[in-house]
Amino acid sequence: MIATLADTGSVLELRRHFGLGMVTALARVEGRPIGIIANDPKHLSGAIDSPAADKAARFMQLCDAFDLPILFLCDTPGIMVGPEVEKTALVRHASRMFVVGANLDVPFFTIVLRKSYGLGAQAMGGGSQKAPLFTVSWPTGEFGGMGLEGAVKLGFRKELAAIEDPEARKRAFEERVAKAYQHGKALNTASHFEIDDVIDPADSRKWIIELLRASPPPPKRQRKKRPCIDTW
C-alpha cells in the first residue's frame with residue numbers, strides 16, 4: 001500500500017525488524033518528502049504494543065525535527081491488552097504516541113484503510129481523529145470504541161445472561177454484533193461528521209497531494225527545531 005501511494009522507488013523503510021506491528025518509512029509524493037506510519041495487520045492484527053508505540057513515537061519526532069509531513073495509515077483494532085503485554089509497561093509506552101502527537105508542528109493526516117478502534121485509532125491520528133488536517137476512510141473502514149464483539153459482550157452482558165437458551169443467546173449476540181458493524185461502517189461514521197469523508201481508494205494519492213500543496217512551507221530556522229530525538 002505504501003509503495004502504491006508513494007513515488008516509484010522512493011520508499012525507505014526504517015527499523016523493519018523492530019516493532020513489527022508498525023511500519024515507519026520515508027517516501028516522496030510528487031517529489032515532496034513525507035513520513036509514513038502504518039499499522040501492519042500481519043502482527044497482532046495491527047494492535048499497538050510497546051515496541052510499536054516506541055517506534056512510531058520516535059519516528060514522529062524525527063519527522064517533526066526535519067519538517068516532514070506525516071501520513072498515518074490506520075488499520076488497528078486498538079492498543080494491545082492483556083496481562084502479558086501490561087508487563088512491558090504498555091501504558092507508559094503507548095502514551096508516548098499521544099504526547100508526541102499532541103506536540104507536532106508539521107502537517108499530518110490519516111487515511112483509515114480498515115480497522116479504526118479505540119485508543120489505537122486515536123494514536124494513529126496524533127491523539128484524536130479531529131487533530132489531523134484531514135481524516136478520511138476507505139469504504140472498508142470499521143469504527144468503534146473497542147473491538148465490536150467485546151463491546152457487545154460487555155455492554156449487553158446482563159441482557160445476554162438473562163437468555164437461558166444457549167442457542168437463543170448466541171443468536172442475540174450475533175444480531176447485536178451485526179448491528180454494531182453496520183453502525184460502525186465508514187459511511188455511517190462520516191454521516192455523523194466523526195471523520196471528514198469516505199473516499200474512493202484510488203483517490204488516496206490525490207488527497208495527499210492536495211494537502212501537501214496547501215501546506216505552507218516550513219519557516220526558516222536559525223537553530224535546531226528539537227534539541228534531540230529519542231534514541232531507539
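Leaving aside its neighbours within four places in sequence, which residues is P107 in contact with?

**View 1. The whole chain, a predicted model.** Local features here need pLDDT of at least 70 and side-chain atom pairs count only at pLDDT 80 or more, while totals for chains, interfaces and linings use all residues. Residues are numbered from 1 along each chain as its sequence is written, and side-chain values use heavy atoms, with hydrogens and water left out. You'll find 10 helices and eight strands in the chain; these are DSSP runs numbered from the N terminus, helices being H or I with at least four residues and strands E with at least two. The radius of gyration is 19 Å, close to the 17 Å that the globule rule gives for 232 residues, so the chain is as compact as a globular protein of that length. That radius is taken over C-alpha atoms, and the rule is 2.2 Å times the number of residues to the power 0.38. Along its principal axes, the C-alpha trace spans about 70 × 40 × 30 Å. Of the 232 residues, 45% count as buried (under 20% relative accessible area, with exposed over 50% and partly exposed in between; 1.4 Å probe, protein chains only).

**View 2. P107, in the loop between helix 4 and strand 5.** Back to the opening question: beyond its neighbours within four places in sequence, P107 is in contact with P69, I70, L133, L211 and S215 (contact means heavy atoms within 4.5 Å). P107 and P69 are 38 residues apart along the chain, yet their C-alpha atoms are separated by 4.9 Å. With a relative accessible area of 21%, P107 is partly exposed.

**View 3. The largest nonpolar core, with 33 residues.** A nonpolar core is a set of buried Ala, Val, Leu, Ile, Met, Phe, Trp, Tyr and Cys residues joined through side-chain atoms within 4.5 Å. Those with the most contacts inside this one are M22, I37, I48, M60, I70, M97 and M124. Elements that each supply at least two of its residues include strand 4 (70–76), helix 4 (90–101) and strand 5 (108–117). Helix 2 gives the most, with eight residues. Zoom in on I37: leaving aside its neighbours within four places in sequence, its contacts include M22, A56, F59, I70 and M124. A second, separate core has 22 residues, among them I2, I34, F109 and I199.

**View 4. T189 in helix 9.** Buried or exposed, with a relative accessible area of 5%? T189 is buried. Setting aside neighbours within four places in sequence, T189 touches F143, G184, E194 and I195, in the sense of contact.

**View 5. K158 in helix 7 (residues 157–161).** K158 is exposed, with a relative accessible area of 71%.

View 6. Most residues other than glycine have a negative phi. Look for L44 in the loop between strand 3 (32–39) and helix 2, where it counts as partly exposed at 36% relative accessibility. D67 is in the loop between helix 2 and strand 4.
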